[in-house]
Amino acid sequence: GEFLITADKFGDAYRVSTSSNQEEEKKKPELLLGHVSILCAIAFTFNEKPLVLSCDRDEKLRVSKYPNSYNIQSFGLGHTEFVTTVSAARFAPNSAVTGSGDGTLRLWDTPSGALVQTIELRAYLAKYYESGAVQRGTDSYEDRTASTDRYGVLRIRAIDAIEAFVAIAERIPAVIVFPLCQGRLGEPQVIDVAVPPIDVAVLGDRMVVSFAPKDGADLVVALKLDGDGHRKYVADEELTAALSSNIDTKETESVPLVQSIFVWGNKMYLARPKDEEGDDGDEED
């Protein structure tokens, strides 16, 4: 395309020209749309006249016209926590799927903003808590619910080749694939992975799952269809090896921890308890 869409933490999205034309290069980024809260993700529908999908920390999906995105087509309302991710698909141009800190995936009709379906991830992922496979955090000032069971959605991607959506949730070592059948999300395939993923990408009918650096663990794992016509995903060892061999890694003394989505997603001001005050904490007389 001729433009790149980017957003900032203040809720504004900008259109930046990618043209090699010198006159275009001199143009400043053009404000496309704005939210009154942190903008968490942005995507486009695949209609003849595409719509802009943007979601934010205030639990909503906004559907805007393009390129005059001050014209709002609809709002998708229903999530009860920050909306982390949104995906549209070529095979369903009037639909979008969002994921949230409330542990749900929601299917929307984008022209009207109507909620079509809600999927509770707890129904499919609770077994990872029950087995102890989840990497629980420790409650702290920054994240008061780190030790509780939760299913915050990190990413959703469309798999156009098989008309499905793939999702991953924070802390849970699984990839979950939902087919779209007759306008609704069907029974999913839940795929175990070694450690909780941080992202997933789609290459045709294959998937590449990525992980935070950890001693002895793969940084990426590829998945492919089993080839038996069952539309089930299995490990793609050949592609995994090829990708891993092309990753240039460097030694470092430490790797920063990936911050939980529930840290930046928390809108509530929390007073720091006295027993967690640092050296600069105020002391009462």
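**Reading a predicted model: terms and values**

Mentor: The protein has 30 positive and 46 negative side chains, and the centres of the two sets lie 6 Å apart.

Trainee: What makes a side chain count as positive or negative here?

Mentor: Lys and Arg are counted as positive and Asp and Glu as negative, while His and the chain ends are left out. Each charge is placed at NZ of Lys, CZ of Arg, CG of Asp or CD of Glu.

Trainee: What kind of model is this, and which residues and atoms are used?

Mentor: This is a predicted model, in which local features need pLDDT of at least 70 and side-chain atom pairs count only at pLDDT 80 or more, whereas totals for chains, interfaces and linings use all residues. Residues are numbered from 1 along each chain as its sequence is written, and side-chain values use heavy atoms, with hydrogens and water left out.

Trainee: How do you know that the radius of gyration agrees with a compact globule?

Mentor: The radius is taken over C-alpha atoms, and the globule rule is 2.2 Å times the number of residues to the power 0.38. For 285 residues a compact globule would have a value near 19 Å, and the protein has 21 Å, which agrees. Along the principal axes, the C-alpha atoms fill a box of roughly 65 × 50 × 40 Å.

Trainee: How many helices and strands does the protein have?

Mentor: There are four helices and 20 strands. Helices (H or I, at least four residues) and strands (E, at least two) are DSSP runs numbered from the N terminus.

Trainee: Why is C55 called buried?

Mentor: Buried means under 20% relative accessible area, exposed means over 50%, and partly exposed lies in between (1.4 Å probe, protein chains only). C55 has 0% relative accessibility and therefore counts as buried. C181, by contrast, has a relative accessible area of 43%, so C181 is partly exposed. Of the 285 residues of the protein, 41% count as buried.

Trainee: What makes A41 a buried residue, and which residues does A41 touch?

Mentor: A41 lies in strand β4 (residues 39-44), and its relative accessible area is 14%, so A41 is buried. Contact means heavy atoms within 4.5 Å. Residues up to four places away in sequence are not counted, and A41 then touches L53, S54, C55, T84, T85 and V86. The C-alpha atoms of A41 and V83 are 8.2 Å apart, although 42 residues separate them in sequence.

Trainee: Why is V153 called buried, and what does V153 contact?

Mentor: V153 lies in strand β12, and with a relative accessible area of 0% V153 is buried. Beyond neighbours within four places in sequence, its contacts include T84, T85, L121, I168 and I261.

Trainee: What makes P197 buried, and where is P197 placed?

Mentor: P197 sits in the loop between β16 (189-192) and β17 (199-203). P197 has 2% relative accessibility, so P197 counts as buried. Leaving out residues up to four places away, P197 touches several residues, among them L154, I172, P173 and F211.

Trainee: Where is V134 placed, and which residues does V134 contact?

Mentor: V134 is in the loop between α2 (122-130) and β12 (153-159), and at a relative accessible area of 10% V134 is buried. With neighbours within four places set aside, V134 is in contact with Y128, Y129, R171, I172 and P173.

Trainee: Which peptide bond is cis, and where is P67?

Mentor: The bond from Y66 to P67 is cis, with omega near 5°. P67 is in the loop between β6 (60-65) and β7 (72-77).
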